[in-house]
Amino acid sequence: MGKLWFGGPIYTMEQEDIVVDAVFTQRNKIIAIGTYEYLYHTYYNEIEEAIHLQGKTMLPGFIDSHLHIVWHGEKLLRLDLSAMQSADEVLEALSNRSVHLSKGEWLVGEGWNENHWEEPLIIHKSALDEIIPDNPVMLSRVCRHAVLANSKAMELAKIDYPNNMEDPQGGVIIRDNSGETTGYFLDTAQELIKQAMPSVSQAYLEQVISIAISDLTAKGLVGGHSEDLNYFGGFEKTYRAFTNAINEENKFKAHLLVHHEVMQDAIQAGLGELSSEQYVELGAIKIFSDGALGGRTAWLTNDYSDDKGNCGFNIHSTAELERIVQDARKYRLPVAVHAIGDQAILEVASILKKYPLPNKWRDRIIHGQILNPQSLQLLKELPAIIDIQPSFVASDFPWVIDRLGEKRLDLSYAWKTMLANGIHCAGGSDAPIEEVNPLYGIEAAVLRKSSYDGKRYLTKEALSIFEAVQLYTTGSAYAINQEDTRGLIAEGYAADFTIIDQDIFHVNPHDIHRIGVEMTVIDGEIVYVKNPSST
């Protein structure tokens, strides 16, 4: 027995403007597409349920190609600083939250971004100490490549002799002119603070994953490629939290990247075969090659325009990065490498070319924001996917112009150029760093409009609506070698659908973010509906 879906435009995404009247599904698969009359008469005896779309638009289910599901769930639980417009607002929010803290409890905040403040200063630990002297405080910057900590947190982290502490490889402990730590920790230096935090339970992880999944499906997402397995007490606990939290009763297709530090644990769990449970599968080996633009730690070929003498840095030496890639290749595994700066992308692409995959799997470069002619040429020669985050344009401009200067902008956030050169791209949010709603990302890819000054930037790199929707459907499916089973509305494909309240291909592009999600369908089952009485 099956279901007949009809009553609104159904875009298959096989080619632009291909629309069908109806879809017939059985269990988790699409059996047929075509006209309502044909499907109704052909499958009359097998139609258990007929679902009228009430004029709403059906698309293949949206897939976020890069996010952090656990962190997204935690952001929904923790103190959200992302909307704060000044350091004073942040400090006021901390003061208000501090009255509810128990003895020894950590105050953890998420998402502050000084680039969007009128006065873009970095809060000093002394300001945190004045408000909260007796409880440890850790505040993650929006990029998650930097944290602020107060003195109590540093004490628990045993940072007792700051003048004598060396920066860790791939990180920086920011100090003032006298050599004293300021409470600002970049990239791998963050771990000095994070390792002092109490461990979380598997039950807690299951709770935040469930909270995240509820939010993701309400945003029209049927799946996501997430990287979480090295941060919450080890691979086994986090992996089991995913497999317990995501199931038949709480459907979501989670594709989990595996941080290189827990690769051996994942191998024991079957990663060598890229194995999967029904809704949770293991994917490529995740590696960080550089930092982020916000903290000026993304690795550039030349100095930052607003910080002479600093071109960022590589998280691993070239030899170490090669070794990690070679370790993955021993198991015939792909890698997914975080690379933002042009020098980082050039190095990563060179290594991937040197050590090609011996099978059908595909490597991934995550972010790929700043290119140069050499790195673009290398990417054209590789079967690698670029995981892009269109919302970065909305949040990074105009301040990123000061970081990069005008000359580097020609190949920055260059998505149209990538597609024109045959480079496959997949679309994601990097949530909780950016808003997870894929419709926001689609609008950003089309308009390239800053959310701060309303201006449009680098419009030659703007995508069509069809190309932007492809990022979150066929693009994300292609990134994990599932282009033959997901990402399209076609016979034999997964019955995963996102149903929205307007026809995205016939709205003003400036109104894409206003489109609402009516229904999310995974394996033929409705997992979210805006108005339950209408189904």
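## Inside the core

Skip the neighbours within four places in sequence, and Ile-504 is still in contact (heavy atoms within 4.5 Å) with Leu-59, Leu-439, Ile-442, Ile-465, Val-469, Ile-512 and Ile-515. Keep in mind that this is a predicted model, where local features need pLDDT of at least 70, side-chain atom pairs count only at pLDDT 80 or more, and totals for chains, interfaces and linings use all residues. Residues are numbered from 1 along each chain as its sequence is written, and side-chain values use heavy atoms, with hydrogens and water left out.

Ile-504 also belongs to the largest nonpolar core, which has 130 residues; Ile-69, Leu-293 and Ile-504 touch the most other members. A nonpolar core is a set of buried Ala, Val, Leu, Ile, Met, Phe, Trp, Tyr and Cys residues joined through side-chain atoms within 4.5 Å. Buried means under 20% relative accessible area, exposed over 50%, and partly exposed in between (1.4 Å probe, protein chains only).

## Salt bridges

There are 28 salt bridges here, each a side-chain nitrogen of Lys or Arg within 4 Å of a carboxyl oxygen of Asp or Glu. One of them pairs Arg-78 with Glu-110, and their closest N and O atoms sit 2.8 Å apart. Arg-78 is partly exposed at 22% relative accessibility, while Glu-110 is buried at 2%. Both residues are also part of a salt-bridge network with Glu-74 and Arg-144.

Another salt bridge joins Glu-322 and Lys-354, with the closest N and O atoms 3.3 Å apart. Glu-322 counts as buried at 16% relative accessibility, and Lys-354 as partly exposed at 49%.
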